[in-house]
Number of protein chains: 2
Amino acid sequence: MSLTRVQHFSISLDGFGTGEGQSLDTPFGHAGERLHEWMFVTRWWHQLVGKPGGSGGIDDAFARRHDVGIGAEIMGARKFGPPGWHEDPEWKGWWGPNPPFHTPVFVLTHHTRPSIEMEGGTTFHFLNASPADALETARKAADGRDVRLGGGATLIREFLAARLVDHMHIAVVPILLGRGVRLLDGLEGLEKDYEIEATASPSGVTHVTFTRAGV
Amino acid sequence: MSLTRVQHFSISLDGFGTGEGQSLDTPFGHAGERLHEWMFVTRWWHQLVGKPGGSGGIDDAFARRHDVGIGAEIMGARKFGPPGWHEDPEWKGWWGPNPPFHTPVFVLTHHTRPSIEMEGGTTFHFLNASPADALETARKAADGRDVRLGGGATLIREFLAARLVDHMHIAVVPILLGRGVRLLDGLEGLEKDYEIEATASPSGVTHVTFTRAGV
């Protein structure tokens with residue numbers, strides 16, 4: 001069965017998945033890289049960027065689930081680029097010529113453009129579609145494997161509100177951002193559909209997993 | 001040294017310390033008792049209400065810190081009674097003739113009234129004062145012991161914003177309330193003053209402690 005998954009989406013202790021003031025220089029706004037530092041010190045990340053070492057504990061175990069079994073990603077327009085990226089015909093994402101996805105990636109945007117084939121198996125497709133329709137398209141492309149919702153917070157919240165998420169892993173980072181985009185707004189009663197587990201890491205991060213009953 | 005402490009204040013996974021629609025019948029609004037169920041099954045609570053049994057693990061260990069070393073409590077007007085309690089000259093709190101505080105309790109309110117001496121050592125005092133001034137008064141009454149901030153969410157947030165809190169224990173409960181009063185709004189950068197630790201309980205609750213550096 002092909003699942004719809006969120007893997008290691010990080011939020012602050014006060015619930016923000018990204019800060020305020022996103023721009024070309026600050027993809028996460030005033031949050032900077034603080035939501036992701038826990039990830040950068042794992043062995044998984046070190047291997048990804050070709051460095052030795054890295055921690056091999058619980059943070060690494062959760063981080064490693066990012067790519068396993070994934071056949072496609074859906075991301076929001078604000079993950080693909082800074083405000084106004086659609087006005088730049090040359091914009092191909094933040095990740096250079098060989099993005100770390102290695103699957104079809106569906107960018108939800110009101111400003112569609114032709115698909116872009118990158119090195120390493122990543123192809124960006126641009127869809128102006130509802131969550132349910134986008135998921136149907138991505139599911140076909142995933143060819144039996146799972147679909148990852150890559151963020152940002154607004155995109156994931158829309159899929160949660162539409163009850164389309166089977167598994168979600170969020171990492172709660174012990175910082176208070178005060179402003180930005182909250183992941184869990186307007187989702188009263190969400191827990192009824194899921195088994196929720198929390199695991200505290202010695203790093204200070206708490207990993208919270210939502211698993212839909214019966215999948 | 002007399003500290004200012006928050007002990008087991010419960011919030012939902014989406015950050016709410018109380019629900020919407022507080023009334024005489026629903027002190028926590030639409031949240032009901034769901035934020036506190038983890039506490040009601042501890043041995044500490046069972047002993048408090050004269051029942052045998054109860055869990056003796058991490059939830060119990062944290063719950064037991066509620067009263068230890070406390071010489072006074074400060075609470076907000078919305079913890080003392082439902083909206084409009086100040087219009088009822090007979091209102092003496094939710095807790096019956098022998099409230100579970102057993103110390104002076106300072107109620108912050110714009111509607112002050114004479115102090116009320118209850119059974120068991122609890123006396124309610126009514127103050128129209130800033131957090132700093134209220135704390136000074138409560139500190140004297142605590143006679144060298146600690147001052148507990150008893151809630152609600154608004155009261156604790158005001159003391160946090162004024163940087164008056166030395167130790168805070170919050171219990172994050174895996175439910176989404178969607179609406180109510182958030183504890184951690186508008187506190188960007190709060191983590192800089194504290195060591196923050198998270199401990200996940202098998203019950204599903206995550207205990208998060210804030211300890212001010214150097215106290």
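**Between the chains**

Reply: This is a predicted model. Across the interface of chain A and chain B, the rule finds eight residue pairs in polar contact, both residues at pLDDT 80 or more. On the side of chain A that touches chain B, the elements giving two or more residues are strand S10 (194-200) and strand S11 (206-212) of chain A. S10(A) supplies the largest share, four residues. By class, that side of chain A has 13 nonpolar, five polar and seven charged residues.

Me: How many residues does the contact take from chain A and from chain B?

Reply: It takes 25 residues from chain A and 25 residues from chain B. The area buried between the two chains is about 2,000 Å². Carbon and sulfur atoms give 57% of that area.

Me: How many salt bridges does the rule find across the interface of chain A and chain B?

Reply: The rule finds six. Over all chains the count comes to 24.

Me: What makes Glu188(B) and Arg179(A) a salt bridge?

Reply: Their closest N and O atoms are 2.6 Å apart. The cut-off is within 4 Å, so the pair counts. Glu188(B) lies in the loop between strand S9 (181-182) and strand S10 (194-200) of chain B, and Arg179(A) in the loop between strand S8 (167-173) and strand S9 (181-182) of chain A, so the pair joins two chains.

Me: Why does Glu188(B) count as partly exposed?

Reply: Its relative accessibility is 36%. Buried means under 20% and exposed means over 50%, so Glu188(B) falls in between. Arg179(A), at 30%, counts as partly exposed too.

Me: How do you know that Arg34(A) forms a salt bridge with Glu191(B)?

Reply: The closest N and O atoms are 3.8 Å apart.

**Inside one chain**

Me: What makes Asp193(B) and Arg163(B) a salt bridge?

Reply: The N to O distance is 3.0 Å. The limit is within 4 Å, so the label holds. The pair links distant parts of the chain, 30 residues apart. Asp193(B) counts as partly exposed at 28% relative accessibility, and Arg163(B) counts as partly exposed at 31%.

Me: Are Asp166(B) and Arg212(B) buried or exposed?

Reply: Both are buried. Asp166(B) forms a salt bridge with Arg212(B), with the closest N and O atoms 3.1 Å apart. The pair links distant parts of the chain, 46 residues apart: Asp166(B) is in the loop between H6 and S8 of chain B, and Arg212(B) is in strand S11 (residues 206-212) of chain B.

Me: Why is Ser2(A) called buried?

Reply: Its relative accessibility is 16%. The cut-off is under 20%, so Ser2(A) counts as buried. Ser2(A) sits in the segment before strand S1 (4-12) of chain A.

Me: What joins the side chains of Ser2(A) and Arg139(A)?

Reply: A polar contact of 2.9 Å joins them. The limit is within 3.5 Å, so the distance passes. A polar atom of the Ser2(A) side chain also lies 2.6 Å from the backbone oxygen of Arg145(A).

Me: Which residues of the largest nonpolar core touch the most other members?

Reply: They are Ile74(A), Phe210(A), Ile74(B) and Phe210(B), in a core of 71 residues. Leaving aside residues up to four places away in sequence, Ile74(B) touches residues including Phe106(B), Leu108(B) and Phe159(B).

Notes. Residues numbered from 1 in each chain as written. Chains lettered and ligands numbered in written order. Predicted model: local features only at pLDDT ≥ 70, side-chain atom pairs only at ≥ 80, totals over all residues. Heavy atoms only, no water. Core = buried A, V, L, I, M, F, W, Y, C linked by side-chain atoms within 4.5 Å. Buried < 20%, exposed > 50% of the residue type's maximum accessible area, 1.4 Å probe, protein only. Contact = heavy atoms within 4.5 Å. Buried area = accessible area lost by both parts, 1.4 Å probe. Salt bridge = Lys/Arg side-chain N within 4 Å of Asp/Glu carboxyl O. Polar contact = N/O pair within 3.5 Å; in protein donor to acceptor, adjacent residues only side chain to side chain. Nonpolar A, V, L, I, M, F, W, Y, C, P; charged D, E, K, R; others polar.
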